[in-house]
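This report describes the strands, helices and contacts of a single chain. The sequence and structure are shown first.

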Amino acid sequence: MGLVISERRGPAAVITYANPPLGTMTAAGAEEMFQAVQAAAQDAEVRCIVLTGGVPGIFVRHYDVGELTVLGERLAQAPAAPQPPAQQRPAGGFLGLTDLVATAPKPVIAAINGLCMGGGFELSLACDIRIAGRDVTAIGLPETRVGIFPGGGGTQRLPRVIGEARALEMILRGRVVTGPAAHEIGLVHEVADDPLARALEIAEEFAARPAEGLAYAKRLTRAALDRPLSEGLADERRSFSEVVRLPSAIEAMKVSLAGAPLGSREPS
């Protein structure tokens, strides 16, 4: 039996990770998740991807420390391997999974329905929207407690979400917080009694909008902090001229003209 279940729920692909009883991420589980997310990202009928946990009370607890220990022992006995170029993305595995989530041409939502620490939280940080359950007791990056540091994107993505000062405190101290506390400091966008149900509501919202505009908006916003402003503005202006001429955009704007003006019905 696999560790990942992928199912269609309306316009969304819901990808559930379950590795009972602890719900830890493993190399095998990360590869299954990679394949599931890749398939959903390439399916034009899927308008949004939702990641959630399948073990009660657990989103993804953290990466399997036993696997990391074996990795450390193997690396300690081997000569240092040359590092790949910075622009070269991993082809799979956990690092490939987080990069794929961040670059998928459609929105990805983390429905955090339980414990979400270490690699589990790093996976959620790669998502575009994070929704935590009100009863979630631990979200964060506790890696320094076991002598390592967040190596799956945590040191790079967390400062972009909550700022350098808060990120340093959380990472250096290995702090974890509850779902409501995570919302208060900006780690998650919302808290909900049922984070999966709320994620599916937002997926319906995305489905009502042309896919091309969302894909461009995600790519441009994701790149904003990684390049000079002048370069980003040039890309935005070039991309806008590409999107505004698309039939889907023209039709959506005509529908808007015929109905209520923008701002009269804000998303909830």
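In this predicted model, strand β3 (residues 48–53) and strand β5 run parallel and are joined by four bridges. Val50 has Ile109 of β5 as its bridge partner. On to strand β7 (residues 129–133), β5 again runs parallel, with four bridges. There Ile109 is paired with Ile129 of β7. From β7 the pairing continues to β10, also parallel, through three bridges. Ile131 stands opposite Glu190 in β10.

At the other end of the order, β1 and β2 pair in the antiparallel sense over six bridges. Arg8 has Ala13 of β2 as its bridge partner. The two strands β1 and β2 form a hairpin with two residues between them. In that turn, Gly10 has a positive phi of about 65°.

| Strands | Sense | Bridges |
|---|---|---|
| β1 and β2 | antiparallel | six bridges |
| β3 and β5 | parallel | four bridges |
| β5 and β7 | parallel | four bridges |
| β7 and β10 | parallel | three bridges |

Taken together, six strands make an open sheet of mixed pairing, in the order β1-β2-β3-β5-β7-β10. Its edge strands are β1 and β10 (190–192), each of which pairs on one side only. From one strand to the next, the twist averages 25°.

How many of the residues of strand β5 (residues 108–112) are buried? Five of the five are, so β5 is largely enclosed by the rest of the structure. Both faces of β5 are covered. Val108, Ala110 and Ile112 are buried on one side, and Ile109 and Ala111 are buried on the other.

Helix α8 (residues 195–207) lies across β1, β2, β3, β5, β7 and β10, and runs at about 150° to β7.

The length of helix α1 (residues 27–42) can be checked against its residue count. At 1.5 Å a residue, its 16 residues should span 22 Å, and the end C-alpha atoms are 23 Å apart, which agrees. The buried residues of α1 are Gly29, Ala30, Met33, Phe34, Ala36, Val37, Ala40 and Ala41. An α-helix has 3.6 residues a turn, so residues three or four places apart point the same way. In α1, Ala30, Met33 and Val37 are among the buried residues. What covers the buried residues of α1 includes β1 (4–9), β2 (12–17) and β3, together with α3 and α4.

The helices α3 and α4 also pack against each other. Two packed helices are described by the angle between their axes and the distance between the axes. For helix α3 (residues 93–103) and helix α4 (residues 119–126), the angle is about 25° and the axes are 8 Å apart. Angles under 35 degrees count as roughly parallel, and α3 and α4 are therefore roughly parallel to each other. On the α3 side, the contact is made by Phe94, Leu97, Thr98, Val101 and Ala102. These meet Gly119, Glu122, Leu123 and Ala126 in α4. By class, the contact of α3 with α4 has six nonpolar, two polar and one charged residues.

Gly92 lies in the loop between α2 (65–76) and α3. Is Gly92 buried or partly exposed? Gly92 has a relative accessible area of 22% and is partly exposed, as buried means under 20%. Leaving aside residues up to four places away in sequence, Gly92 touches Glu31 and Phe34. Phe34 is one of the buried residues of α1. Val60 is 32 residues from Gly92 along the chain, and their C-alpha atoms are separated by 18 Å.

A second open sheet has four strands in the order β4-β6-β8-β9, and its pairing is mixed. The edge strands here are β4 (58–60) and β9 (176–177), each pairing on one side only. Strand β8 (residues 139–140) pairs with β9 in the antiparallel sense over two bridges. Within that pair, the bridge partner of Gly140 is Val176 of β9. Helix α4, which packs with α3, lies across β4, β6 (115–117) and β8 and runs at about 85° to β6.

Methods. Residues are numbered from 1 along each chain as its sequence is written. This is a predicted model: local features need pLDDT of at least 70, side-chain atom pairs count only at pLDDT 80 or more; totals for chains, interfaces and linings use all residues. Side-chain values use heavy atoms; hydrogens and water are left out. Axes are lines fitted to C-alpha atoms, for helices over the stretch in contact, and angles run from 0 to 180 degrees between N-to-C directions. Angles under 35 degrees count as roughly parallel, over 145 as roughly antiparallel, 65 to 115 as roughly perpendicular and the rest as oblique. Contact means heavy atoms within 4.5 Å. Ala, Val, Leu, Ile, Met, Phe, Trp, Tyr, Cys and Pro count as nonpolar, Asp, Glu, Lys and Arg as charged, and the others, Gly among them, as polar. Buried means under 20% relative accessible area, exposed over 50%, partly exposed in between (1.4 Å probe, protein chains only). Two strands pair if DSSP finds at least two bridges between them. The expected span of a helix is 1.5 Å times one less than its number of residues.
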